[in-house]
Every structure is written in structure tokens, then in C-alpha cells.
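The following report describes a protein model for a reader who is new to structural analysis. Please keep the sequence and the structure in view while reading.

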Amino acid sequence: MDEPMTRAAKRAATARRILEAAQAEFGEHGLEGTTVRAIAQRAGVDPSLVMQHYGSKDDLFALAIRLDRDSTDDDVAEHLADVLDVRLGGLPPETRALVRSMLTAPEATRTMKQFLDERVRNLARTSDAGDAELRAALTVSSILGLTIARHFLDLEALADISPRQREEVLRPWLTTVLGADVAAAERPPHAR
């Protein structure tokens with residue numbers, strides 16, 4: 001028999017439902033187009049509970065767009081291929097909300113800039129090239145552009161990319177700008 005939920009567990013479950021509903025709403029409508037009432041309706045709660053749990057729509061938005069900042073993969077080419085696979089697949093709700101709002105909501109702009117600056121620094125540290133930071137910024141910006149074109153503009157050419165195209169077209173495109181050290185690292189030893 002299931003144990004009855006404690007009051008704290010019910011509160012945490014409600015907060016989680018509200019946050020997930022907010023991520024979905026912000027992802028579909030951006031900060032300006034989302035209302036507390038719509039978040040509450042999607043979460044199946046009274047609008048006052050949204051405010052009780054998160055204070056304001058802006059506070060909830062700040063939490064809803066928080067991105068995972070853990071990146072420990074040492075293999076640069078493989079990590080970039082993984083990032084590309086994620087960006088070409090379904091976007092997590094927090095990423096969708098952030099990208100949709102980054103040009104109109106200052107909090108989203110700051111969050112995206114901090115996230116991308118961090119990614120550029122991390123990627124640049126993997127190379128000894130004098131222009132490593134520029135190359136990293138071009139790579140990160142390209143992934144962002146691909147994400148926008150694929151998920152928000154629905155660019156037809158990006159709708160159905162086969163695994164073969166990912167390996168033969170996208171992966172080399174993504175690593176070429178980083179320079180010879182990364183491109184060489186992704187080639188099999190017999191091809192070097």
C-alpha cells in the first residue's frame with residue numbers, strides 16, 4: 001500500500017509541476033506572452049499558488065531558464081557531437097524558454113550571455129591556438145544558430161538529418177572551425 005504523501009512532499013510536487021508548466025509556457029510564448037494564469041492552468045493549480053511558490057512571474061522565469069552548467073567531457077569533438085545531437089533533437093523546456101525570450105527579456109539575455117561566455121571559455125581552453133577564443137565563439141554561435149533555425153524557424157533542410165549526414169556533414173563542419181588540433185583528434189589513428 002502506498003504511503004500517504006507528507007505535506008512537504010505535496011508542496012514539493014506542486015512546485016515541480018508549476019516549474020515544469022512555466023518552462024513549457026515560456027518555451028511556447030516567451031516571457032511577455034506567458035501569464036501566471038496560463039502557467040497555473042497548465043499545472044492544474046490556482047494562480048495564487050504560483051505566486052506563493054515563486055513570488056513573481058519574473059522570479060519563476062529566472063528559475064525556468066536556468067541551464068545545466070555541468071560539462072566535464074574531455075573529448076572535444078565527441079562532446080560537440082553530443083551537443084549537436086541534443087540541439088537537433090527535442091529541446092529541453094528550459095532551453096526552449098531561454099532561447100525564445102533571450103532577445104526580449106533582459107534576464108534571459110543575461111542568462112544566455114553568461115551561459116555562452118562560459119561555453120566559449122571552456123572550449124577555448126582545449127586549444128593552444130592564438131585565436132582559440134574566436135574559434136570557440138564561432139562554434140558556439142553556430143550551434144545557437146542551428147538551434148534557432150531548427151526549432152524556432154522550422155527550417156525545412158534541418159528537419160530530417162540522417163545519422164550519416166550528422167557524421168559526414170555536421171560533425172566535420174562543427175569541428176573544422178576549431179582548428180587542426182580538434183579535427184585531428186576526431187579522426188581515427190590510421191587516418192592521421
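Arg42 is partly exposed in this predicted model, with a relative accessible area of 40%. Arg42 forms a salt bridge with Glu28, a salt bridge being a side-chain nitrogen of Lys or Arg within 4 Å of a carboxyl oxygen of Asp or Glu. Because Arg42 lies in helix 2 and Glu28 in helix 1, the pair ties together parts that are 14 residues apart in sequence. Helices (H or I, at least four residues) and strands (E, at least two) are DSSP runs, numbered from the N terminus.

Arg42 also meets the side chain of Glu25 in a salt bridge. This pair links distant parts of the chain, with Arg42 in helix 2 and Glu25 in helix 1, 17 residues apart. Is Glu25 buried or exposed? Glu25 is buried, with a relative accessible area of 7%, while Glu28 counts as partly exposed at 41%. Through shared partners, salt bridges join Glu25, Glu28 and Arg42 into one network. Side chains of opposite charge can pair when their charged atoms come close.

| Pair | N to O distance |
|---|---|
| Arg42 and Glu25 | 2.8 Å |
| Arg42 and Glu28 | 3.0 Å |
| Arg164 and Glu168 | 2.8 Å |

Arg164 and Glu168 both lie in helix 9, where they are 4 residues apart, about one turn of the helix. An α-helix has 3.6 residues a turn, so residues three or four places apart point the same way.

The description now turns to the whole protein. The secondary structure comes to 10 helices and 0 strands. Buried residues make up 39% of the 192 residues. The protein exposes about 11400 Å², of which carbon and sulfur atoms supply 53%; accessible areas come from the Shrake-Rupley method with a 1.4 Å probe, and for residues only the protein chains shown count as cover. Contact means heavy atoms within 4.5 Å. Among contacts in the protein with a separation of 6 or more, residues 24 or more positions apart account for 68%.

The expected span is 1.5 Å times one less than the number of residues. Helix 1 contains a kink of about 85°, centred on Gly27; the bend at a residue is the angle between axes fitted to the seven residues ending there and the seven starting there. Helix 7, with 19 residues, reaches 26 Å from its first C-alpha to its last, close to the 27 Å expected at 1.5 Å a residue. The buried residues of helix 7 include Met112, Phe115, Glu118 and Arg119.

The interior can be described through nonpolar cores. A nonpolar core is a set of buried Ala, Val, Leu, Ile, Met, Phe, Trp, Tyr and Cys residues joined through side-chain atoms within 4.5 Å. In soluble globular proteins, nonpolar side chains tend to be buried together. Which members of the largest core touch the most other members? Of its 27 residues, they are Ile18, Phe26, Ile39, Val50, Leu60 and Phe61. Helices 1, 2, 3, 4, 6 and 7 each supply at least two residues of this core, and the largest share, 6 residues, comes from helix 1. Leaving aside its neighbours within four places in sequence, Leu60 is in contact with residues including Ile18, Phe26, Ile39 and Val50. Apart from this core lies another, of 18 residues, among them Leu80, Leu84, Val120 and Leu146.

Leu174 is found in helix 9 and is buried, with a relative accessible area of 3%. Beyond its neighbours within four places in sequence, Leu174 is in contact with Leu80, Leu84, Thr139 and Ile143. The C-alpha atoms of Leu174 and Ala81 are separated by 8.2 Å, although the two residues are 93 residues apart along the chain.

Asp154 lies in the loop between helix 8 and helix 9. This residue is exposed, with a relative accessible area of 55%, and its phi is near 50°, a positive value in a residue other than glycine.

Some conventions apply throughout. Residues are numbered from 1 along each chain as its sequence is written, and side-chain values use heavy atoms, with hydrogens and water left out. As the model is predicted, local features need pLDDT of at least 70 and side-chain atom pairs count only at pLDDT 80 or more, while totals for chains, interfaces and linings use all residues.

Terms used: Buried means under 20% relative accessible area, exposed over 50%, partly exposed in between (1.4 Å probe, protein chains only).
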